[in-house]
Amino acid sequence: MSEISFADFKKLDIRVGKVLSVERVPDTEKLYKVHIDIGKEKPRQTVTSLVDYYTSDELLGREVVVLTNLKPAKMRGELSECMLLCAETEDGSQCRLLMPEQSMAAGCPVT
């Protein structure tokens, strides 16, 4: 894995957001389409492979840590505008969302 400089790290816009909706992406085994309120004009949509780790009910309403300034990309025909931050074991058997220690208002930058 390559290292990045602190200057590159400072470019990341990491925020706390609240999951507003979760639905399975049709014709996929592991993908959810998730809408997240990050305190901006409109919610952001992401496509995430968390089906094996979380039910939609476990995600709905949860505060999560979101990388918001990724270039949007299409995944299985769905637009992904941000990324939920997770920690995963090397073998992929476990994956945990990063969450704020305490509840915060949507859109608060993580410091």
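Visitor: What makes Phe6 part of helix α1?

Guide: Phe6 falls within residues 6-9, the span of α1; helices here are DSSP runs of H or I with at least four residues, strands are E runs of at least two, and both are numbered from the N terminus. Keep in mind that this is a predicted model, where local features need pLDDT of at least 70, side-chain atom pairs count only at pLDDT 80 or more, and totals for chains, interfaces and linings use all residues. Residues are numbered from 1 along each chain as its sequence is written, and side-chain values use heavy atoms, leaving out hydrogens and water.

Visitor: Why is Phe6 called exposed?

Guide: Its relative accessible area is 60%, and exposed means over 50% (buried is under 20%, partly exposed in between; 1.4 Å probe, protein chains only). So Phe6 counts as exposed.

Visitor: Which residues have the most contacts inside the largest nonpolar core?

Guide: They are Ile36 and Leu50, in a core of 16 residues. A nonpolar core is a set of buried Ala, Val, Leu, Ile, Met, Phe, Trp, Tyr and Cys residues joined through side-chain atoms within 4.5 Å. Strand β2 (32-37) gives the most to this core, with 3 residues.

Visitor: What is Leu50 in contact with, leaving aside neighbours within four places in sequence?

Guide: Leu50 is in contact (heavy atoms within 4.5 Å) with Lys30, Tyr32, Leu59, Leu84, Cys86, Cys95 and Leu97.
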